[in-house]
Amino acid sequence: MNATQSNKLASYIAVEALLKASPVVETIPGLTPKVTALSSRIAELHQLGETQTQTIDGKKARRDELLGQMVETSLHIAG
C-alpha cells in the first residue's frame, strides 16, 4: 500500500470511528446500514492492502523491461 492509499484508509477508519461513537447515527433512518457498508468496505481495503505486494514503481520497471525486450525481439526479427 502506498502513502496515498494508506492516508485514504486512515481517513476512512477515522470517519468510521466517529460514526460508531456517535449515538445520533442510530436516530437517523437508513444511516446504520450505510455505516455497516462502510465497515465492510474498510475490511475489504485491509484485505486488498495485505495482498498488494508489488508497488507501482515495480510494475513500471517491469513494464519498461518488457517493452525493451519486445523492441529487441522486433529488431532481431526484422533483421
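Colleague: In this predicted model, which residues of α2 are buried?

Modeller: V35, S39, I42 and G49 are the buried residues of α2. Viewed down the axis of α2, the buried residues fall within an arc of 85°, so they line one face of the helix.

Colleague: Against what do the buried residues of α2 pack, and which residues are exposed on the other side?

Modeller: The buried residues pack against α1, residues 3–21. On the other side of α2 the exposed residues are P33, K34, R41, Q47, L48 and T51.

Colleague: How does the reach of α2 stand against the span expected at 1.5 Å a residue?

Modeller: Helix α2, residues 31–51, has 21 residues and reaches 31 Å from its first C-alpha to its last, close to the expected 30 Å.

Colleague: Which residue forms a salt bridge with E65, and which with D64?

Modeller: E65 pairs with R62, the closest N and O atoms lying 3.2 Å apart. E65 and R62 are three residues apart in helix α3, residues 56–78, or about one helical turn. E65 is partly exposed at 41% relative accessibility, and R62 is partly exposed at 40%. D64 pairs with R63, with 3.1 Å between the closest N and O atoms. D64 is partly exposed at 44%, while R63 is exposed at 51%.

Conventions:
Residues numbered from 1 in each chain as written. Predicted model: local features only at pLDDT ≥ 70, side-chain atom pairs only at ≥ 80, totals over all residues. Heavy atoms only, no water. Helix = DSSP H or I, 4+ residues; strand = E, 2+ residues; numbered from the N terminus. Expected span 1.5 Å × (residues − 1). Buried < 20%, exposed > 50% of the residue type's maximum accessible area, 1.4 Å probe, protein only. Arc of directions from axis to C-beta. Contact = heavy atoms within 4.5 Å. Salt bridge = Lys/Arg side-chain N within 4 Å of Asp/Glu carboxyl O.
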